[in-house]
Amino acid sequence: MNRAMTAPVLEPVGEGKVALQSVNVEAEIENLLCQVTVKQSYRNLEKINIEAVYTFPLPLGAVLLDMTIKTRAKKLKGVVVEKSEAEERYEDAITDGDTAIMLEQVDPGLYTMNVGNLQPEDAIDISITYAELFKWRDNSLRFFLPTTVAPRYGDPDNLGVQPHQAPEYDLTNENPFAVTVSISGMLSRAAVECPSHKIVSESQNGKTVVTLKKGQALMDRDFVLNLSMEADEKSAAHVEPEGDGYVALASFYPRLPTTPERTPRCITIIVDCSGSMGGDSIAQARKALYEILELLRPEDEFNVVRFGSSYQMLFPSPVPADAGNLKTAKNLLEVLDADMGGTEIGQAIAATIKGATRSKLSKEALLITDGEVWDWEKVTKMADRSRVRFFTVGVGSSVSEAFVQTLADVTGGACELVSPNEDMAEKIVRHFKRIYFPKAENLKILWPGEPEKTFPEQVSAVYDGDTLHVFGRFKGKPEGEVELQADLENGGTLEQRVPLESMAGSQPPTGLHGTTARMAAAYEMRAMDDSGQIATLGVKYQLMSSYTNYLAIDVRAEGEKAEDLPALRKTPQMLAAGWGGSGAVVQDMDMNYSLEAPMFSRRKMANYSEPMVQYSIMSNEDLERRKLDHFIDRLNRLQTGLFSPVGDVTTISDLEDQGASDGLIEALSELVDTGVDEETAVTLFLYLLSQHKRVKKRLDRSTKRILVKAYKQLSIVPAEVQQRVKTIIEDYLKTIGS
């Protein structure tokens with residue numbers, strides 16, 4: 001398995017100009033609900049037809065509500081469609097010469113926008129609106145807007161990430177953005193602080209409005225806004241109509257009873273020392289480790305695990321947190337560096353779980369990482385089966401929120417994100433308060449009336465001063481109070497009641513679902529395992545997921561359709577500021593320092609070469625499999641323009657030149673001998689092969705698109721000829737096995 005960091009490549013991305021011109025973000029925060037609209041503006045600056053593709057991050061908790069498209073002549077509305085149907089309709093539109101826009105989810109928190117058939121001088125604005133529920137952390141809230149995707153360790157191909165979706169890097173490219181955050185309601189009185197950018201904060205019509213000091217900045221770091229205030233009441237609940245029923249949201253702000261007796265814990269500290277942590281991130285990790293060691297108590301047990309391509313444990317098993325052992329651990333601060341290679345985090349998590357079993361104490365883990373790995377879901381599944389709570393600290397200017405938040409969620413822990421200019425001590429102290437407070441067990445949510453469904457169905461953890469959101473669906477209108485109950489491990493109890501307020505005036509037009517109902521459905525989808533059920537619910541509530549896409553098609557009039565297939569133009573990512581030691585974001589905000597300055601300005605040209613294929617002594621079956629791999633690889637390489645276009649493969653001789661199997665050549669030749677037109681037979685063969693489940697995912701998007709268009713241009717092919725070609729393909733694939 002290829003285990004390599006998908007690091008920045010100093011190469012041009014594509015041969016043309018970047019179509020993404022700007023990104024403008026407008027956010028409305030009212031109490032705990034945040035609604036954000038991200039407008040991406042594209043323009044084709046070339047003389048040819050292009051397909052603009054842009055992979056970008058959004059917060060993990062974002063629930064996408066709307067996609068609106070504006071061209072010079074039209075306004076279109078995106079519709080959520082089951083994924084395979086959306087992809088098929090998108091490709092049909094592209095090969096028919098129409099303009100198509102499709103938004104797809106690549107990974108939790110990661111999306112790809114596809115803008116197909118953008119003709120010369122065409123301009124298009126795409127607005128994506130999402131909602132997110134904030135959570136109190138004691139007296140603070142965090143508005144978090146990721147802007148770039150830092151390089152991740154691992155091979156995205158193994159996770160099904162398509163070539164057009166995988167982030168690429170051009171270190172000379174500058175992606176600008178602007179942001180306006182309007183804060184109303186109770187939070188309009190909150191103190192506002194931005195550790196990531198220089199801002200201007202003004203009071204306008206009872207709202208606090210925050211903008212960037214220079215109007216724009218570059219998308220090379222997360223935008224972070226911290227709101228802090230003390231308030232008497234931080235819990236709330238409301239109920240809204242939904243069709244023939246009702247949906248309710250309760251937001252608890254639990255306060256756990258304090259106790260002088262705190263149960264000893266076994267705490268394993270896991271520190272990411274991989275190469276991506278160089279610079280700011282490893283400096284943050286040192287601060288975190290220091291703060292953690294200072295907070296350990298003599299009755300606790302602890303260990304320290306460092307990891308990169310391998311892992312190292314400070315002690316063979318957890319040891320008491322006495323002065324001698326703590327001194328040994330603090331000596332690590334002198335040598336702790338990002339010098340351990342790749343990010344094989346699974347090994348470190350497995351070692352942590354195994355090592356913790358040697359202790360009889362309650363088991364906790366504190367993980368400090370930037371989270372930049374592709375195959376992280378295997379790790380969270382492994383941790384979910386353990387009896388260890390993971391408390392994560394995501395560090396760096398472009399942390400992978402999805403991994404560190406999910407790992408905490410599935411194990412009943414908690415997550416803190418810390419940008420390079422934030423106070424690390426505050427975050428670590430908050431984690432230790434969670435660790436040392438008595439654990440809550442047997443958690444129950446008691447609604448006034450019997451709900452049809454609740455989400456989440458089970459609450460895994462409740463922490464003092466951390467908001468807990470729960471949804472419920474009802475046939476009849478619930479009235480009264482919602483109650484949170486839990487038993488504490490020290491014998492105490494937790495009880496909190498919140499009155500339900502009616503919001504009857506917020507019912508949307510007939511046939512549409514309100515924001516609360518859609519957010520409830522999104523929470524329900526996240527707990528589902530069945531792809532069909534997720535897709536069905538996503539289409540019903542018009543919600544994005546791994547199994548549903550947003551789609552909009554602008555059918556052009558005859559004479560205005562694109563004649564040629566579009567050239568792919570990927571929008572490159574900016575390298576995250578400070579990534580891998582490439583610079584530093586940590587600075588004095590009063591210094592004359594440009595936060596907007598790009599970190600690099602150099603590139604080199606790519607070198608292309610045709611690989612030599614050698615066949616060693618192997619079985620006929622293995623040989624044929626290798627030949628098929630080579631044939632598919634040749635087809636993919638043909639469409640790059642390095643050789644003859646794939647559309648020029650129209651004869652059996654052409655197939656031979658590309659390395660097609662002798663058996664295929666013989667079968668197709670026999671078909672042509674019966675009177676079938678040779679170009680028709682070859683075109684039909686390539687198209688049907690490209691649609692076969694065994695081959696489809698291995699062909700590049702452009703290759704498949706060329707073959708589809710060539711197939712569409714064929715005259716009507718008799719059904720018996722299509723069936724004979726299908727049989728040739730099936731018989732051939734059977735002979736080479738799986």
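## Briefing: pockets, cavities and selected residues

E121 is partly exposed, with a relative accessible area of 39%; buried means under 20%, exposed over 50%, and partly exposed in between (1.4 Å probe, protein chains only). The model is predicted: local features need pLDDT of at least 70 and side-chain atom pairs 80 or more, while totals for chains, interfaces and linings use all residues. Residues are numbered from 1 along each chain as its sequence is written, and side-chain values use heavy atoms, without hydrogens or water.

**Confidence**

- The average pLDDT of the chain is 87, and 90% of the residues reach at least 70; pLDDT is the predictor's confidence in each residue, from 0 to 100.
- Residues 587–617 stay under 50, and the model gives this stretch 65 contacts beyond four places in sequence. A contact means heavy atoms within 4.5 Å.
- Residues 640–644 also stay under 50 in pLDDT. For this stretch the model has 6 contacts beyond four places in sequence.
- Where pLDDT is low, predicted coordinates should not be read in detail.

**Second largest pocket**

- The second largest pocket holds about 860 Å³ of space.
- It is lined by 32 residues, and E30, N31, L32, L33 and H238 are the closest to its centre.
- Six elements are listed as giving two or more residues to this lining: β1 (20–30), β2 (33–43), β17 (236–242), β18 (245–252), β30 (493–499) and α9 (515–526).
- Elements are DSSP runs numbered from the N terminus (helices H or I, at least four residues; strands E, at least two).
- By class, the lining of this pocket has 14 nonpolar, 11 polar and 7 charged residues. Ala, Val, Leu, Ile, Met, Phe, Trp, Tyr, Cys and Pro count as nonpolar, Asp, Glu, Lys and Arg as charged, and the others, Gly among them, as polar.

**Cavities**

- On a 1 Å grid over the protein atoms alone, a cavity is a set of points where a 1.4 Å probe fits but cannot get out; a pocket is an open set with protein on both sides within 12 Å along at least five of seven lines; lining residues have an atom within 4 Å of a point.
- Points join across faces, edges and corners, and volume is the space filled by probe spheres set on them.
- The count is 7 cavities of 30 Å³ or more.
- The largest cavity holds about 160 Å³ of space. Its lining has 20 residues, with P57, R152, V399, S400 and E401 the closest to the centre.
- That lining divides into 12 nonpolar, 4 polar and 4 charged residues.
- The second largest cavity holds about 120 Å³. Of its 13 lining residues, V23, V38, Y54, P146 and M219 lie nearest the centre.
- Strands β1, β2 and β3 (50–57) each give two or more residues to the lining of the second largest cavity. The largest share, 3 residues, comes from β3.
- This second lining has 11 nonpolar, 2 polar and no charged residues.

**Buried residues**

- D375 sits in the loop between β23 (362–369) and α6 (377–384). D375 is buried, at 19% relative accessible area.
- The side chains of D375 and K378 make a polar contact of 3.5 Å. Such a contact pairs N or O atoms within 3.5 Å; within protein, one must be able to donate a hydrogen and the other to accept it, and residues adjacent in sequence count only if both atoms are side-chain atoms.
- S419 lies in the loop between β25 (414–418) and α8 (424–436). S419 counts as buried because its relative accessibility is 7%.
- A440 belongs to strand β26 (residues 440–446). A440 is buried, with a relative accessible area of 14%.
- A440 touches V462, A486, D487 and L488, leaving out residues up to four places away in sequence.
- A440 and L494 lie 54 residues apart in sequence, and 7.9 Å apart C-alpha to C-alpha.

**Backbone geometry**

- Most residues other than glycine have a negative phi, and most peptide bonds are trans.
- E121 has a positive phi, near 70°. E121 lies in the loop between β8 (110–118) and β9 (123–133).
- N205 also has a positive phi, near 50°. N205 is placed in the loop between β13 (199–204) and β14 (207–212).
- N205 is exposed, with a relative accessible area of 81%.
- The peptide bond from F455 to P456 is cis, with omega near -5°. P456 falls in the loop between β27 (453–455) and β28 (468–474).
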